[in-house]
Structures are given as structure tokens and as C-alpha cells.
Amino acid sequence: MKIGRNDLCPCGSGKKYKKCCLNEERTNSENSENYGEICFEKATELYEEKRYGEAIELLAEAQGKFPEDTDILLLLGGCYVQITRFIDAAKVLLLADKIEPNNPTILYNLGYALLCGGRINDAYKYFDECLGLNPPREVRKMAQRMIKE
């Protein structure tokens with residue numbers, strides 16, 4: 001069973017977990033060699049639980065430590081899209097595109113963020129660019145569907 005931030009701390013202190021051992025666990029995690037992976041996995045769980053604000057907080061912290069990690073940027077952009085912060089999503093995804101140009105998944109997500117934000121012509125440009133790079137089947141299907149609509 002997962003411990004929620006507002007649950008009582010399992011150490012028995014009587015305090016909420018977020019005010020007790022959560023910070024200690026974060027500090028230990030930050031010092032670990034695979035901190036980026038830990039953050040990404042936890043943020044993915046938060047995203048799947050629709051806890052986008054918490055995921056964004058964690059991903060922004062991880063992105064500060066690992067600015068070249070496009071997986072972190074993709075998930076951060078996805079979180080921003082889910083809470084309708086399309087400009088923030090586009091900024092993050094443009095950064096990911098600058099780090100890893102010609103990545104069809106990044107281009108599709110950038111196009112989607114722009115489309116949601118009302119920048120239709122820019123969105124189609126990225127969908128077309130994505131399709132020109134022989135994307136994975138699922139990404140190709142989604143980009144084609146966006147262009148048809």
C-alpha cells in the first residue's frame with residue numbers, strides 16, 4: 001500500500017508523512033545515482049493517478065538536475081497539457097526538441113500542445129514533421145488522426 005503525503009507517517013510520530021519522513025526519503029533519493037529514474041517513475045505514477053500538480057513539482061525539480069533528459073521533459077509537457085497550460089507544455093517540448101531534434105514522439109506531443117492551445121498551423125507543421133520521420137506505429141496513427149480532424 002502506498003503512503004499518501006497527507007497520511008499519518010508510518011514511523012509512528014503522529015505527524016503527517018509530508019511533515020515527517022517524506023523529506024528524509026527525498027534527500028536519500030536525491031543522493032542516489034539513479035535519482036532521475038526515481039523521479040520519473042514516481043512522476044509517472046502521479047500522472048496516472050491524475051495528480052498532475054505533484055507530478056509537475058517533482059519533474060521540475062528533476063529537470064533542474066537533469067536538464068538534458070527528454071523523458072522528463074516529455075512527461076512534464078504531458079502534465080501541463082492535462083491541466084490546460086498549453087503554453088508551458090509547448091515551451092517544455094520545444095526545449096526537448098532542441099535537445100533531441102527529429103524525435104517523432106516529441107514532435108507529435110509538441111504539435112498536440114500547440115493544437116490544444118489554438119495554434120493550428122504550427123501544430124500541423126509539427127505533425128507533418130513527425131510523420132516524415134517514420135515514427136512508431138502508435139505515434140504515426142495519432143499524428144495522422146490529428147491532421148485528418
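Biologist: Let's start with Phe127: why does Phe127 count as buried or exposed?

Modeller: Keep in mind that this is a predicted model. Phe127 comes out at 0% relative accessibility, and buried means under 20%, so Phe127 counts as buried.

Biologist: And what makes Tyr124 buried, exposed or partly exposed?

Modeller: Its relative accessibility is 24%.

Biologist: Where do Tyr124 and Phe127 lie?

Modeller: Both are in helix 7, three residues apart, which is about one turn of the helix.

Biologist: What about aromatic pairs: how many does a search of the whole structure find?

Modeller: Five. One of them is Tyr108 with Phe127, with 5.5 Å centre to centre and 35° between the planes.

Biologist: Why is the pair of Tyr124 and Phe127 called tilted?

Modeller: Their ring centres are 6.4 Å apart and the planes meet at 50°, so tilted is the label here too. Ring pairs link Tyr108, Tyr112, Tyr124 and Phe127 into a cluster.

Biologist: What else is Tyr108 in contact with, leaving aside neighbours within four places in sequence?

Modeller: Besides Phe127, the list holds Cys130, Val139, Met142, Ala143 and Met146.

Biologist: Which residues have the most contacts inside the largest nonpolar core?

Modeller: Leu59 and Tyr108, in a core of 36 residues. Helix 2, helix 3, helix 4, helix 5, helix 6, helix 7 and helix 8 each give two or more residues to this core. The largest share, eight residues, comes from helix 4.

Biologist: So what makes helix 4 largely enclosed?

Modeller: Of its 13 residues, 11 are buried, so the rest of the structure largely encloses helix 4. Among the buried ones are Ile72, Leu73, Leu74, Leu75 and Leu76, and also Gly77, Gly78 and Cys79.

Biologist: Which helices do those buried residues pack against?

Modeller: Helix 2, helix 3, helix 5 and helix 6.

Biologist: How do you know that the span of helix 4 agrees with its number of residues?

Modeller: Helix 4 covers residues 70-82, and at 1.5 Å a residue its 13 residues should span 18 Å. The expected span uses one less than the number of residues. The end C-alpha atoms of helix 4 are 18 Å apart, which agrees.

Biologist: What do you find at the start of helix 4, and what follows it?

Modeller: At the start, a side-chain oxygen of Asp69 comes to within 3.0 Å of the backbone nitrogen of Asp71. The cut-off for a polar contact is 3.5 Å, so this one qualifies. After helix 4 comes Thr84, with a positive phi near 60°.

Biologist: Last one: how many helices and strands are there in the protein chain?

Modeller: Eight helices and zero strands. Of its 149 residues, 34% count as buried. The chain exposes about 9,000 Å², and carbon and sulfur atoms supply 49% of that.

Key:
Residues are numbered from 1 along each chain as its sequence is written. This is a predicted model: local features need pLDDT of at least 70, side-chain atom pairs count only at pLDDT 80 or more; totals for chains, interfaces and linings use all residues. Side-chain values use heavy atoms; hydrogens and water are left out. Helices (H or I, at least four residues) and strands (E, at least two) are DSSP runs, numbered from the N terminus. Buried means under 20% relative accessible area, exposed over 50%, partly exposed in between (1.4 Å probe, protein chains only). Contact means heavy atoms within 4.5 Å. A polar contact is a pair of N or O atoms within 3.5 Å; within protein, one must be able to donate a hydrogen and the other to accept it, and residues adjacent in sequence count only if both atoms are side-chain atoms. Accessible areas come from the Shrake-Rupley method with a 1.4 Å probe; for residues, only the protein chains shown count as cover. A nonpolar core is a set of buried Ala, Val, Leu, Ile, Met, Phe, Trp, Tyr and Cys residues joined through side-chain atoms within 4.5 Å. Rings of Phe, Tyr and Trp (its six-membered ring) pair if their centres lie within 6.5 Å; planes under 30 degrees apart count as stacked, over 60 as edge-to-face and the rest as tilted.
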